[in-house]
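Notebook open, structure loaded. I'll go through it piece by piece and jot down what I look up.

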Amino acid sequence: MPKTVLLIDDDSDTLTYMGTILQRGGFRTLTAADGQEGMRLLRVEHPDLVLLDIMMPRQSGIFFLQQLRHDEELNKVPVIVVSGVGQMTGVDMKRYLSGQPTGDSAGPDAFLEKPVRPNHLLQVVREVLGE
């Protein structure tokens, strides 16, 4: 049975792009347009991995990640942040999300900067899943 990846991004083109790559790579995918919908799907579908955007309406990826990491039932689900926010803001998001500035270890398991190359996406997904 293929592993399931939950994609959370408010951009439908990004969901289609990454979903197609993952499906061709042998994964089952679920999609959500924001953190609230993503959290609902996470609780119902129990995916093996979450790919998470940062800048989204209704609930940001940062809030989603904090909520996930502080939930004892969900905090073991690996998360890869896939975002272009670092390019827009100049902030080193990989360092920020790893908890370096705050000492908080509730960061993602990996970070990918958009746009992400198909082979690199599959490589990081497989690494995080231990494949």
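Where is His-46 found? I looked it up: the residue sits in the loop between helix 2 and strand 3. A reminder to myself before going on: this is a predicted model.

**Entry 1**

I checked phi for His-46 and got a value near 50°, positive in a residue other than glycine.

I found Arg-58 in the loop between strand 3 and helix 3, and at 62% relative accessibility Arg-58 counts as exposed.

On peptide bonds: I found a cis one joining Lys-114 and Pro-115, with omega about -5°. Pro-115 lies in the loop between strand 5 and helix 6. I also logged Gly-26, which takes a positive phi of about 100° just after helix 1.

**Entry 1: overall layout**

I counted up the elements and have six helices and five strands. Read from the N terminus, they run β-α-β-α-β-α-β-α-α-β-α. The protein has 131 residues, and 49% of them count as buried. For contacts with a separation of 6 or more, I noted that 70% come from residues 24 or more positions apart.

I then zoomed in on strand 3 and strand 4, which run parallel and are joined by three bridges. I wrote down two partners in strand 4: Val-79 for Val-50 and Val-81 for Leu-52.

How many of the five residues of strand 4 are buried? Five of the five, so strand 4 is largely enclosed by the rest of the structure. In a regular strand the side chains alternate between the two faces of the sheet.

**Entry 2: helix 1**

The length of helix 1 was a quick check. Its 13 residues should span 18 Å at 1.5 Å a residue, and I get 18 Å between the end C-alpha atoms, which agrees.

Which residues of helix 1 are buried? My list reads Thr-14, Leu-15, Met-18, Gly-19, Ile-21 and Leu-22. They cover an arc of only 160° around the axis, which puts them on the same side of helix 1. On the face turned away from that buried side I found the exposed residues Ser-12, Asp-13, Thr-16 and Arg-24.

Next I asked what covers the buried residues; the cover includes strands 1, 2, 3 and 4 as well as helix 6 (118–128).

**Entry 3: helix 2**

For helix 2 (residues 35–45) I have Gly-35, Gly-38, Met-39, Leu-41 and Leu-42 as buried. Down the axis they fall within an arc of 165°, so they line one face of the helix. Their cover includes strand 1, strand 2, strand 3 and helix 3.

I also looked at how helix 2 begins. Asp-34 caps its N-terminal end, with a side-chain oxygen 2.9 Å from the backbone nitrogen of Gln-36.

**Entry 4: Asp-9**

Is Asp-9 buried or exposed? I find a relative accessible area of 1%, so Asp-9 is buried. It lies in the loop between strand 1 (4–8) and helix 1 (12–24). The Asp-9 side chain makes a polar contact with the side chain of Lys-114, at 2.6 Å. Leaving aside neighbours within four places in sequence, I noted contacts of Asp-9 with residues including Thr-14, Leu-15, Asp-53 and Met-56.

Key. Residues numbered from 1 in each chain as written. Predicted model: local features only at pLDDT ≥ 70, side-chain atom pairs only at ≥ 80, totals over all residues. Heavy atoms only, no water. Helix = DSSP H or I, 4+ residues; strand = E, 2+ residues; numbered from the N terminus. Buried < 20%, exposed > 50% of the residue type's maximum accessible area, 1.4 Å probe, protein only. Polar contact = N/O pair within 3.5 Å; in protein donor to acceptor, adjacent residues only side chain to side chain. Contact = heavy atoms within 4.5 Å. Expected span 1.5 Å × (residues − 1). Arc of directions from axis to C-beta. Pairing = 2+ DSSP bridges.
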